[in-house]
Amino acid sequence: MIPFGNAAATLVQRVEERVDGRSRVHYEKHGLSGCSWRRVSSCGREDSYLQRDGEIRCRIPAGQAIPRPGDCLFPGEIEGEISGSAELNALLAAQREHGAFRIASVTDNAQPGAPLPHYVAQGVSA
């Protein structure tokens with residue numbers, strides 16, 4: 001178990017399948033538990049001005065759905081089905097202030113022998 005890992009989350013993954021020679025896209029939701037959320041602020045110099053970014057990191061215990069870059073992560077449980085990318089983008093925009101984000105990178109800390117096997121999903125908050 002991850003220290004301070006008491007948060008629930010919902011991972012939404014885009015799944016593309018080939019059916020009868022045609023590409024079909026749908027979205028799968030995965031309920032996650034034992035997660036920890038952390039907001040990290042960073043500051044960098046961009047030409048003549050200072051740029052501040054807010055990054056969010058979510059640690060997900062191993063043994064659950066594995067996040068991938070491009071997936072979306074929402075704090076808590078998301079109700080209902082997601083039928084298309086427009087609906088997913090609208091949900092992401094509505095939930096950003098609560099910490100929802102599109103995953104930009106994933107670190108695999110779930111290697112055999114790791115003391116606390118988990119994945120770290122990172123993205124930028126708006």
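1. Order of elements. From the N terminus on, the protein chain runs β-β-β-β-α-β-β-β. That comes to 1 helix and 7 strands. The model is a predicted one, and the points below should be read with that in mind.

2. Strand pairing. Strand E1 (residues 7-19) and strand E4 (residues 72-75) run antiparallel and are joined by 4 bridges. Within this pairing, Leu11 has Leu73 in E4 as its bridge partner. E4 also pairs with E5, again in the antiparallel sense, over 2 bridges.

3. Largest nonpolar core. This core has 12 residues in all, among them Ala9, Leu11, Leu32, Cys58, Leu73 and Phe101. E1, E2 and strand E3 (49-61) each supply at least two of its residues. The largest share, 3 residues, comes from E3. A second, separate core has 9 residues, including Val12, Cys72, Phe74 and Leu92. As background, nonpolar side chains tend to be buried together in soluble globular proteins.

4. Leu11 and Leu73 belong to the largest core, whereas Val12, Cys72 and Phe74 belong to the second one.

5. Contacts of Leu73. Leaving aside residues up to four places away in sequence, Leu73 touches Ala9, Leu11, Leu32, Trp37, Phe101 and Ala121, among others.

6. The aromatic pair. The count comes to 1 aromatic pair. What makes it edge-to-face? The planes of the Trp37 and Phe101 rings stand at 85 degrees, with the ring centres 5.8 Å apart, so the pair is classed as edge-to-face; the cut-off for that class is over 60 degrees. The two residues are 64 apart in the chain, Trp37 lying in strand E2 (residues 22-46) and Phe101 in strand E5 (residues 101-102).

7. Trp37 counts as partly exposed, because its relative accessibility is 25%.

8. Whole chain. Of the 126 residues in the protein chain, 33% are buried. Among contacts between residues at least 6 apart in sequence, 59% join residues at least 24 apart. The chain exposes about 7,800 Å², of which carbon and sulfur atoms supply 48%.

How values were computed: Residues are numbered from 1 along each chain as its sequence is written. This is a predicted model: local features need pLDDT of at least 70, side-chain atom pairs count only at pLDDT 80 or more; totals for chains, interfaces and linings use all residues. Side-chain values use heavy atoms; hydrogens and water are left out. Rings of Phe, Tyr and Trp (its six-membered ring) pair if their centres lie within 6.5 Å; planes under 30 degrees apart count as stacked, over 60 as edge-to-face and the rest as tilted. Buried means under 20% relative accessible area, exposed over 50%, partly exposed in between (1.4 Å probe, protein chains only). Two strands pair if DSSP finds at least two bridges between them. Contact means heavy atoms within 4.5 Å. Accessible areas come from the Shrake-Rupley method with a 1.4 Å probe; for residues, only the protein chains shown count as cover. A nonpolar core is a set of buried Ala, Val, Leu, Ile, Met, Phe, Trp, Tyr and Cys residues joined through side-chain atoms within 4.5 Å.
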